[in-house]
Amino acid sequence: MVAPNAIISVQEVSKNFSSVVAVDRASFEIGSGEIFGLLGPNGAGKTTLIRLILDLIRPDAGSIRIQGQPISETHKNRIGYLPEERGLYFRQKVMAVLEYLGMLKGVSIERVRSNARDWLKRLEIDDLRNRPVQELSKGNQQKVQFIATVVSDPDILILDEPFTGLDPINVHLLVRSIQELAAKGKTVVLSVHQMSLVESLCRRVFMINRGRQVLYGDLEDIQNRYSEPSFLVRSGADFQGCELIDRFTSHNAAATVYLKQGVEPARFLRWLVESGAEVESFQRARTPLDEIFIRVVRDSS
Amino acid sequence: MSKVWAICKREFLVTVTRKGYLFTLFGLPLIMIGGLFAASLLSRETLRDSQANQGPAGVVDRARVLDYSLQAATRPIRSTNPLPVSGVGDQSELVAYDDLDKALADLRKGDLGSVFLLEADYLQSGDIVVYSAEKGIFSQLTRTGRRQLSALLRASLTSGRLEKEVVARILTPGRFKQMQVSKQGRIQPEGNLLKRVGRFLGPFIMFFLLTISIFMSSGYLLQGIAEEKQNRVIEILLSSVTPTQLLMGKMMGLGAAGLLQVAFYVVLLVLPASLLLTLMTLSPGQILLSLMYVVLGYLLFAGLMAGTGLLGNTSQESQQLSVIWTMTSMIPMFLAASLMQQPHSWLARSFSFFPLTAPVTMLLRLSTGEVPAVDVLVSTAVLILGIVLAVKGAARLFRTASLMHGKRPRLREVYRWLKEA
């Protein structure tokens with residue numbers, strides 16, 4: 001499955017650590033400007049894949065290309081990386097840490113300072129810039145870690161669990177920032193365990209379990225593939241006597257309705273209208289991603 | 001290069017503002033100088049006090065051989081040395097007693113430091129019984145009046161039997177005048193004690209401070225890398241720079257901090273000491289070679305410490321691992337006395353040709369005098385080879401060990417990482 005304008009291309013990549021197969025022939029492509037979900041249970045091989053893309057470790061087989069080329073120093077300068085575990089100089093002041101990590105991406109100190117100030121304001125921690133990192137709360141340290149990733153204004157962002165330690169308000173703040181960055185054409189590789197965030201942020205996903213690819217593609221297609229022909233109906237109708245449906249489950253004022261084999265959704269909708277009941281909403285029901293995640297992991301283990 | 005410079009600048013600034021660095025820079029020389037001064041004062045005062053507390057020595061001469069009128073003539077002749085080791089010479093007065101009990105009573109009262117008993121058959125037996133009071137450890141180390149009594153015995157036994165000059169030479173066989181012959185054949189007096197002590201102490205202090213600089217700077221590198229691994233910053237750094245760039249930046253920054261330390265010691269301590277007190281007898285060539293060994297030693301240990309810093313899970317664990325390098329390199333320090341006495345022995349040369357012991361040994365040898373050119377060449381060559389291997393190995397470990405957390409790796413694993421990277 002080829003992504004339009006692929007910026008990262010991983011082809012048949014394998015990596016072993018002694019006798020442990022960390023990644024086994026993984027292949028996927030990430031398009032420019034998309035938010036791409038990298039999913040998998042703990043220890044599945046996500047971090048190894050990220051480290052392979054970043055050239056922190058070398059693959060035993062296969063190839064990884066950034067903009068069609070093997071990764072070079074120029075590419076490294078254009079990639080911002082937020083690791084799963086916080087990596088900051090805890091005794092140093094926030095601004096000094098941001099300046100140093102930004103400059104290591106080959107960006108001038110003036111630009112780094114200006115970007116850092118903008119991001120500190122945007123993430124509402126501007127007043128903490130002269131405080132040592134160790135004095136900050138975990139949530140604010142995570143925000144500093146995020147700013148360290150974007151302070152050099154990179155084209156590609158690799159975010160491994162960026163929402164760790166954040167409360168719902170700050171999760172929302174960060175989600176909005178990621179969406180804004182993607183809207184500006186930045187490519188985001190997002191590895192998270194909150195499937196609801198993947199559903200709201202990502203268009204395409206790659207899922208790995210025990211080093212092997214188990215899912216890859218358009219999120220909507222995947223959800224459709226794993227969903228039975230069912231509809232979420234919010235109405236006052238009584239489904240008991242309907243010959244078109246196989247079964248239904250009621251929850252609050254709505255019901256999930258499973259149609260019989262071969263029944264067209266339009267026919268069911270017509271029945272609903274003709275029944276005289278007031279219809280508030282009628283939409284296709286999709287299996288939530290976390291349900292698919294559990295099912296896929298269980299099946300592939 | 002700008003990335004290497006950014007790393008170098010940060011490492012330098014972080015290091016020179018560390019409390020440990022500032023203490024080593026200002027505190028260590030002060031403590032060393034103060035310690036030496038205090039030790040010298042203390043030992044002088046202790047001996048002086050000890051002797052002052054001893055008092056005169058009583059003599060019971062049952063053999064009737066002593067002529068007390070000769071006592072003044074038996075005082076030691078002052079040395080030509082203008083600065084004798086004061087407080088060490090035994091200047092005790094001898095007091096004659098007829099009755100041993102009376103003398104022992106005075107000893108118990110503390111009026112006497114010791115009592116000598118020459119029995120009637122002294123001339124045949126030569127036996128002299130010495131009584132001393134229990135007065136702590138120094139009363140056992142000092143022998144009050146023994147030298148005076150020996151001199152008085154020699155004078156009394158020879159007086160009237162030999163010529164006056166012969167008696168004088170028996171009492172004082174010679175006045176030694178120390179001359180020194182340089183390699184160029186220049187002969188000059190050896191100088192006073194301060195100069196003689198300085199000739200040894202000046203270069204030794206310089207050797208000590210230079211050695212400290214090597215291990216402090218490379219120790220900071222170990223600590224810094226171990227901390228960056230522990231707090232996971234290293235993963236972010238390696239996503240921006242290559243392992244070689246990171247290692248180079250760190251080595252340059254910490255090396256500069258080490259050199260600043262050396263420059264401080266040389267400009268503020270060694271130079272004034274050599275100008276004012278003539279303590280430094282090293283030639284400019286020896287000083288330059290010493291500085292070269294400081295740089296080479298630093299580069300070698302920086303490479304080794306960087307690699308070791310990556311192997312532990314915490315900085316404490318890495319420091320424990322690094323003991324193997326510091327202990328090995330310090331072996332010449334433990335044998336310093338022997339190596340300084342025989343700086344060209346096979347042992348000194350062997351240590352000079354082994355990379356781990358070469359920096360300390362060569363600094364030690366250079367502090368004692370000139371070192372043959374062939375030794376300098378061979379030790380420099382092995383050191384450069386050692387540096388290349390250590391730095392290459394450390395750069396390889398950055399790629400693998402820096403991301404490994406948890407169990408401390410076994411030697412076999414380390415070898416595999418070095419091969420694979």
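Predicted model: local features only at pLDDT ≥ 70, side-chain atom pairs only at ≥ 80, totals over all residues.
**Exercise 1. Getting to know chain A**

How many helices and how many strands are there in chain A?

- Step 1: Go through the secondary structure, and you get 10 helices and 14 strands in chain A.
- Step 2: Now put a box around the C-alpha atoms along the principal axes; for chain A that box is roughly 70 × 45 × 35 Å.
- Step 3: Check the burial. Of the 301 residues in chain A, 38% are buried.

**Exercise 2. A helix under cover**

Take helix α5 (residues 138-150) of chain A. Is it mostly covered or mostly uncovered, and what does the covering?

*Solution.* 
- Step 1: Start with the length. α5(A) has 13 residues and spans 19 Å from its first C-alpha to its last, close to the 18 Å expected at 1.5 Å a residue.
- Step 2: Call a residue buried if 20 or more other C-beta atoms lie within 10 Å of its own. By that test 11 of the 13 residues of α5(A) are buried, so the helix is mostly covered.
- Step 3: Name some of them. Among the buried residues are Val144(A), Phe146(A), Ile147(A) and Ala148(A), and also Lys143(A) and Gln145(A).
- Step 4: Find the neighbours. The cover includes the helices α3 (94-103), α4 (109-122) and α6 (168-183) of chain A, along with the strands β6 (79-82) and β7 (156-160) of chain A.

**Exercise 3. A hairpin and a sheet in chain A**

Where does a positive phi turn up in the hairpin of β9(A) and β10(A)? Then trace the sheet that holds β12(A).

*Solution.* 
- Step 1: Pair the hairpin strands. β9 (residues 204-209) and β10 (residues 212-218) of chain A are antiparallel and share six bridges. As one of the pairs, Val205(A) has Gly217(A) in β10(A) as its bridge partner.
- Step 2: Look between the strands. The hairpin has two residues there, and Arg210(A) takes a positive phi near 50 degrees.
- Step 3: Move on to the sheet. It's an open one, made of four strands in the order β12-β13-β11-β14 (chain A), with antiparallel pairing. Its edges are β12 (245-251) and β14 (279-284) of chain A, each pairing on one side only. Neighbouring strands are turned by 20 degrees against each other on average, ignoring direction.
- Step 4: Zoom in on one pair. β12(A) is joined to β13 (residues 254-259) of chain A by six bridges, and Phe248(A) is partnered with Val257(A) in β13(A).

**Exercise 4. Over to chain B**

*Solution.* 
- Step 1: Chain B has 17 helices and six strands, and 37% of its 421 residues are buried.
- Step 2: Order the strands. The open sheet runs β2-β1-β3-β4 (chain B), with mixed pairing. That puts β2 (94-97) and β4 (128-132) of chain B at the edges. From one strand to the next, the twist averages 25 degrees.
- Step 3: Check a pair. β1 (residues 57-61) of chain B runs parallel to β2(B), with four bridges between them. Val60(B) is opposite Tyr97(B) in β2(B).
- Step 4: Find the helix. α3 (residues 100-109) of chain B lies across β1, β2, β3 (114-118) and β4 of chain B, at about 170 degrees to β1(B).

**Exercise 5. Where the chains meet**

How many residues of chain B are in contact with chain A, and which element of chain B gives the largest share?

*Solution.* 
- Step 1: Count both sides: 16 residues of chain B contact 20 residues of chain A.
- Step 2: Pick out the elements of chain B that give two or more residues to its side: these are α1 (2-16) and α9 (233-238). The largest share, five residues, comes from α9(B).
- Step 3: Sort the side of chain B by class, and you find seven nonpolar, four polar and five charged residues.
- Step 4: Look at α1(B) itself. This helix has 15 residues and reaches 21 Å, close to the 21 Å expected. Its buried residues include Val4(B), Ile7(B), Cys8(B) and Val14(B).

Technical notes. Residues numbered from 1 in each chain as written. Chains lettered and ligands numbered in written order. Contact = placed C-beta atoms within 7 Å. Nonpolar A, V, L, I, M, F, W, Y, C, P; charged D, E, K, R; others polar. Expected span 1.5 Å × (residues − 1). Buried ≥ 20, exposed ≤ 12 C-beta atoms within 10 Å, placed from the backbone. Pairing = 2+ DSSP bridges. Axes fitted to C-alpha atoms, helices over the stretch in contact; angles between N-to-C directions.
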